[in-house]
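Trainee: I would like to learn how to read a sheet, a packed helix and a nonpolar core from coordinates. Can we work through one example?

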Amino acid sequence: MNTSKQQHLFEPEPTAWELAAGKDQLTACVVFNRPVETVFHYLLPDSLRDIAQPGQRVKAPFGRGNRLVVGYCVGLEPPPETTRPLKSIESVIDREPLLNAEMLQLTRWIAERYVCSWGQVLDSVIPAGVKKRAGTRLVNSFEPASGVCGKLSELQLPSKQKAVMETLCTAQTPMKVDELCALADCGTSPITALRNKGLIRAIRSRSATFQDDTTPVPREPDLELNTDQRVAVDNIVQCLREMKHRTYLLHGVTGSGKTEVYIQAIREVVSYGRQAIVLVPEISLTPQTIRRFRSRFDSVAVLHSHLSEPERHWHWQQISQGKIQVIVGARSAIFAPTPHLGLIVIDEEHETTFKQDTTPRYHAREVARERARMERIPLVLGSATPTLESFWRIECGKDILLSLPKRVAERPLPPVVVVDIRNDPYIARGSGIGRALFSSMKLALQDGGQVILFLNLRGYAPTVWCRSCGEGVKCPECDITLTLHKDRRIVLCHFCDFEAEPPTRCPYCNDPGIRYLGIGTQRLEQEVRSRFPDAACLRMDSDSMRKHGSHDIALESFRRGEVDILLGTQMIAKGLDFPNVTLVGVVDADTMLHQPDLRAAERTFQLLAQVAGRTGRSHRGGRVLVQSSSPEEPAIQFAAAHDYFGFIKQELVHRQETNAPPVRHLIRIILRGRHEEELQACARMAAEKLSERAKKVDASEVRILGPAPAPVSKLKGDYRYHLQVTCSELEEFRDIWQSAAIRETLSHGVECMVDVDAINMR
Ligand code: ADP
Ligand code: ZN
């Protein structure tokens, strides 16, 4: 095929630049941490031509003022066809690339999928500690100048200098000052003298000042798998051996042994000398979880959000050098720079924390899917309550379902009783704990069991309300009612942390009839202490658990039995495994249900199922009591029956009827600004432009709703409007979005963010 004629035919005409500069010259493609999607081309000065590589940071003149800005080199390419003169790179910052070719490709994919700039993604993916090379310093090592060692006997040197020379010539590798002084038994002056004479050379290199000092955990053997676990592991291992990408959804009730499945699949991965990434929600990174992995593998890195910069940098390097077998971490661990990845696991895949809530608004599950596809490895998603998104892919035949339908050792799931509290006499008198829950708690404690009470509202009273005008007292900066925090004697905004003294009069009508309504965890704690004066009670929420590590300490004391009643927010709903818990009480199942969120029912179901999983974990059994004012709601009924498939099937029908996710993609476009009228005008213009573009490219599939005030219509002093776009193919939306160029036409002071596959509906 490659005849000379064809070659001639298809060879493009040389550009003016090529004729002038020679074809072998390449330009650096650079992206910046700015909301502009362009890739900029820069010339490489001769001094940098052999140094610059994709994946490094560079400094380059940017924008009209030609200020030097740090950017990322993402490729080396022939220059683009442009008549404009190109600027030059000023310097290269990193000696080695921070990212390899695969990671560059992955970050580019994220930028496209989540419509943000490649530079923004790169800047967020590379940890600050890595950029700063935290925990390392530059040190000098010395080596003999070339040829000196051969002529050592001819040199006339003082004895100390001679000793230094002999040490270096024997060592045959560069030596640091302190090593050299120790071996040659001298101070630093002979070294300086030799250096001045040109007999030795200094080499500057980085050396770590940080060392990880994790104490090793005693090794434990793998468990004997039961039949369901065996089938699951065999499937994953088969896929590993075929070197194919597949996604497995491991659906297993709480306590069914999912973690053991992950561990034994990773065993296979490690035997090939490859690495595995296990993502878990930050809150599940308990000592218990970490210990489980550390007791099974030689080298485990744990990446959580409290790592110091030196620690993070150190881990990053250990991982990229292939010294780590298993990386266990929260969302951003999906970017761990493993040289030879073999498997990705996402535990509790339904957790919303896997979606990042700032730019780039990626979902770690989707990034994992893409990374696994690129690297041709399996992805395992585990949950007792998989999302509709993941279940939908099973329905469509795209992913494979693996099931662990039973708890280990045939322990039954706990019975769940839903109690209608609409006519409860205690509740009517303002209690949080109704009659049935109260007597169940008494019984459980009498039998020596422990109790968990779950309530998803922190603070003392979640609503400050004026009896006279009927208004909830809101944060002056946000569209949310203030919460009373009695211990600190303040009312607090849970969005912006605005705080003030509790008002004695209504700020709207000046009436003194201010009431504090509803029950938060602080008030529940007070009630528990007064109604169960002999029981030890512990409250866990983000107020009481501010200090890093307090969470682990609290759970440990509960485990040791020093606490009888543990109460708290979702912080205690997840992943805990306490054999002695015989009663779990859900104080208010309705808090989630009435949120203006298309996933309200799904969240309620997930939460109840998770909470129920906290009990019945030993031979002692256990039960769950759910207080609700809408006990007939399907989400509550299905959760009480432990019927995941029942719930998911009926919820899926509902989503199909409403064209909601996961059947279609949902993109939120949120605009915010100080002045409501201007903002509204901008939002209207954005909607018009998008519809216009959609019509033009005949994208009838793309539907645009709004503009409308966002459910949280004001936040930190800014008004908020949103548009909701649904489509079947994200490419269609992306084309429309890019050609509409909304950002360029917004008034000054109006900001716009795009949230693709939005989960946060506020
Ligand atoms: P999940 O992750 O599904 O909640 P876990 O993996 O935490 O479940 O397992 C629950 C408990 O059962 C753990 O204490 C675990 O050690 C134990 N377990 C898991 N698999 C087995 C097995 N094959 N044989 C015996 N015990 C097991
Ligand atoms: Zn506020």
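Mentor: We take the conventions, then the domains, the sheet and the cores. This is a predicted model, in which local features need pLDDT of at least 70 and side-chain atom pairs count only at pLDDT 80 or more, while totals for chains, interfaces and linings use all residues. Residues are numbered from 1 along each chain as its sequence is written, chains are lettered from A and ligands numbered from 1 in the order in which they are written, and side-chain values use heavy atoms, with hydrogens and water left out.

Trainee: Into which domains is the protein chain divided?

Mentor: Domain bounds come from an automatic or database domain assignment. Here they give domain 1 (3-128), domain 2 (136-208), domain 3 (227-409), domain 4 (411-462 + 518-656) and domain 5 (665-756). The centres of domain 4 and domain 5, taken over C-alpha atoms, are 39 Å apart.

Trainee: In what order do the six strands of the open sheet run?

Mentor: Strands (E, at least two residues) and helices (H or I, at least four) are DSSP runs numbered from the N terminus, and two strands pair if DSSP finds at least two bridges between them. The order is E16-E26-E25-E17-E24-E23, with parallel pairing. Strand E16 (416-420) and strand E23 (537-540) are the edges, each pairing on one side only. Axes are lines fitted to C-alpha atoms, for helices over the stretch in contact, with angles from 0 to 180 degrees between N-to-C directions; the twist averages 15 degrees from one strand to the next.

Trainee: How many bridges join E16 and strand E26?

Mentor: Five, in the parallel sense, with E26 spanning residues 623-628. Val-416 stands opposite Val-624 in E26. E25 and E26 pair over four bridges, and Val-586 has Val-626 as its bridge partner in E26.

Trainee: Which strands does helix H17 lie across?

Mentor: Helix H17 (residues 435-446) lies across E16, E17, E24, E25 and E26, at about 165 degrees to E25.

Trainee: How many residues has the largest nonpolar core?

Mentor: A nonpolar core is a set of buried Ala, Val, Leu, Ile, Met, Phe, Trp, Tyr and Cys residues joined through side-chain atoms within 4.5 Å; buried means under 20% relative accessible area, exposed over 50%, partly exposed in between (1.4 Å probe, protein chains only). The largest has 74 residues, and those with the most contacts inside it include Phe-335 and Trp-737. A second, separate core of 38 residues includes Met-540 and Ile-648.

Methods
Contact means heavy atoms within 4.5 Å.
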